[in-house]
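Work through each task with the model open, then compare with the solution.

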Amino acid sequence: MDLGGTNFRVLRVKVSDNGLQKVEMESQIYEIHEDLMRGSGTQLFDHIAECLANFMEKLKIKDKKLPLGFTFSFPCQQTKLDESILVNWTKGFKCSSVEGKDVVSLLRQAIKKRGDFDIDIVAVVNDTVGTMMSCGYDDQNCEVGLIVGTGTNACYMEEMRHIDLVEGDEGRMCINMEWGAFGDDGALNDIRTEFDHEIDMGSLNPGKQLFARRLHKTVRKLLPDCEIRFVRSEDGSGKGAAMVTAVAYRLAAQHKARQKILEALKLSHQQLLEVKRRMRVEMEKGLGKETHAKAAVKMLPTYVCSTPDGTEKGDFLALDLGGTNFRVLLVRVRNGKRRSVEMHNKIYSIPLEVMQGTGEELFDHIVHCISDFLEYMGMKGVSLPLGFTFSFPCKQTNLDEGILLKWTKGFKATGCEGEDVVSLLKEAIHRREEFDLDVVAVVNDTVGTMMTCGYEDPYCEVGLIVGTGSNACYMEEMRNVELVEGDEGRMCVNMEWGAFGDNGCLDDIQTEFDLAVDELSLNPGKQRFEKMISGMYLGEIVRNILIDFTKRGLLFRGRISERLKTRGIFETKFLSQIESDCLALLQVRSILQHLGLESTCDDSIIVKEVCTVVARRAAQLCGAGMAAVVDKIRENRGLEFLKVTVGVDGTLYKLHPQ
């Protein structure tokens, strides 16, 4: 419907997209007499409802509930697409009891009062917006609407971050300028003539084409750096109102479809409590002698029986192997009044062919890196005690012995699983015959993290890693560690919680996207919890969701780039960057462009939402697991309240903004 003057137009607009964009329109004009223009609001809207009923009767569509767009060309304040408060009447209208009211509600009331038809009022727009949308259907670069007729006005697509009256700063929104009032504050007094002062109402200029050429020429002269195309709206703003309605319907349907897909990744409080309960059950299985062999969460003893107390001192070498980078460190610990820890380190990369070659090649490479570091530090002849952080599932029988149970994180070096990694390291050192080292301890990275933080904070009794992979450890009562003899004291247990769910206990919260990532991973069916929460896999989950959305036509206009089809292309660092609060959508678009994706502002918002949903679920699952750990410590000690510190490390935890 199009109301903006003495004539009122009702249109039926059929939009089809069967390979060719096609718009069919039928319309009828109804007169609005002066007595209605100056009567009551009730009379005006009853008349509009009657015209609408007459039109629908004529087309035999009264029994259908169709979506309706309403062009209402008077100054209005909008709070929603389907709510518009009339600020003041213009163009000779003076209907009482309408100013300050929502015109959509008034129309709905008039239709309801009749009771002979029903419609779904989706959008109310200004005629400038309707014009922009009419032309925008044929020209997708159309982002400005202009009316130069009985009155004049303009609208354009503004960045949300500049619209202080509306919450949110993402995407764009069409602004109805109401520019006819420009100069009402005296800003144009210096260019107004005596004739302008005498004129209150402008008359229609018969030489309008001449006016158009002058208008075009002026704009282009003032903006030489822009290419501006003027498209005359042949169909008025009524078609545009239908287009706004069609777009709103499409966006609402697409939003609903996306939310339905993402719903599976949104965990309720109840679900998280259930994850916590199940983690606790699996922990008990891993600790029990009878159930350990079949337990998914292995709860491995580490033979670390106490945390630092501040009296430690000396020089130590440390190795840290847990991903594609390998670190060698010299750690100098000083105690007493000037207690301090001084560290020197060097990072070495591990090539893929070494990660997936033989065990001998891998440990020879590690020893080569140690040799280089000792040379670098000028300590080639010195024999130091060495601690080895080895961040893979190991069974320990002593502090200096770790049997590798299985490789994770993309490692596949042969001849290592089932072997003592300390022995493999010592053999490689002997093969080199350059130096000797005393390997005192082999620990998991979670244990290393707990001990690092424990040196500064005596309450630190839990270690958590959320990086390429994920794992946790904590100080368990010896009486509960059934794999080790003795009931006195405590021992740090390496949970290996990445395998939580490998027995199917998380199947009900795994999504089709988790299954797709798992299926194409190096270890299908293994480390299922880790694959839902760690940095190595989150980007891949996001990529799979984006592909699904695009295939359904819910993103990137249904066009999938070849790069997006490439496994691993959507790195988790992109997920962290996209979720950053300070990142403008323009930068999100540049990341997507780097991936070969031509995206709109709306696409960028959707991608950001997907990243948020995937990362939030990861954090919540991690939190549910940690809640199970802390609750177990509290119950172990028979406490109502527990004060504990969790030492955390890992790139995802450190670099992700949320």
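**Exercise 1.** Which strands each supply at least two residues of the lining of the largest cavity?

Solution. In this predicted model, strand 11 (300–301), strand 16 (394–398) and strand 18 (438–443) each do so.
- Start with the search of the whole structure, which finds 1 cavity of 30 Å³ or more; about 80 Å³ of space lies in the largest cavity.
- Next, list the lining: Leu300, Pro301, Thr302, Phe390, Phe392, Cys394, Gln396, Val442, Val443, Asn444, Val447 and Asn494.
- Then sort the lining by class, which gives 8 nonpolar, 4 polar and no charged residues.

**Exercise 2.** Is Gln396 buried or exposed, and which backbone oxygens does its side chain reach?

Solution. Take the cut-off for buried, under 20% relative accessible area.
- Gln396 has a relative accessible area of 9%, so Gln396 is buried.
- Gln396 lies in strand 16.
- Its side chain reaches the backbone oxygen of Asn398 at 3.1 Å and that of Val442 at 3.1 Å.
- Beyond neighbours within four places in sequence, Gln396 is in contact with Pro301, Thr302, Tyr303, Glu401, Gly402 and Val442.

**Exercise 3.** Which residues have the most contacts inside the largest nonpolar core, and which helix gives the most to this core?

Solution. The core has 71 residues, and those with the most contacts inside it are Tyr474, Met495, Trp497 and Phe570.
- Helix 18 (residues 601–636) gives the most, with 15 residues.
- For Met495, leave aside neighbours within four places in sequence; its contacts include Met279, Met283, Tyr474 and Val629.
- A second, separate core has 40 residues, including Leu384, Cys394, Trp407 and Leu424.

Conventions:
Residues numbered from 1 in each chain as written. Predicted model: local features only at pLDDT ≥ 70, side-chain atom pairs only at ≥ 80, totals over all residues. Heavy atoms only, no water. Core = buried A, V, L, I, M, F, W, Y, C linked by side-chain atoms within 4.5 Å. Buried < 20%, exposed > 50% of the residue type's maximum accessible area, 1.4 Å probe, protein only. Helix = DSSP H or I, 4+ residues; strand = E, 2+ residues; numbered from the N terminus. Contact = heavy atoms within 4.5 Å. 1 Å grid on protein atoms, 1.4 Å probe; cavity = no way out; pocket = protein on both sides within 12 Å on 5 of 7 lines; lining within 4 Å. Points joined across faces, edges and corners; volume = space filled by probe spheres on them. Nonpolar A, V, L, I, M, F, W, Y, C, P; charged D, E, K, R; others polar. Polar contact = N/O pair within 3.5 Å; in protein donor to acceptor, adjacent residues only side chain to side chain.
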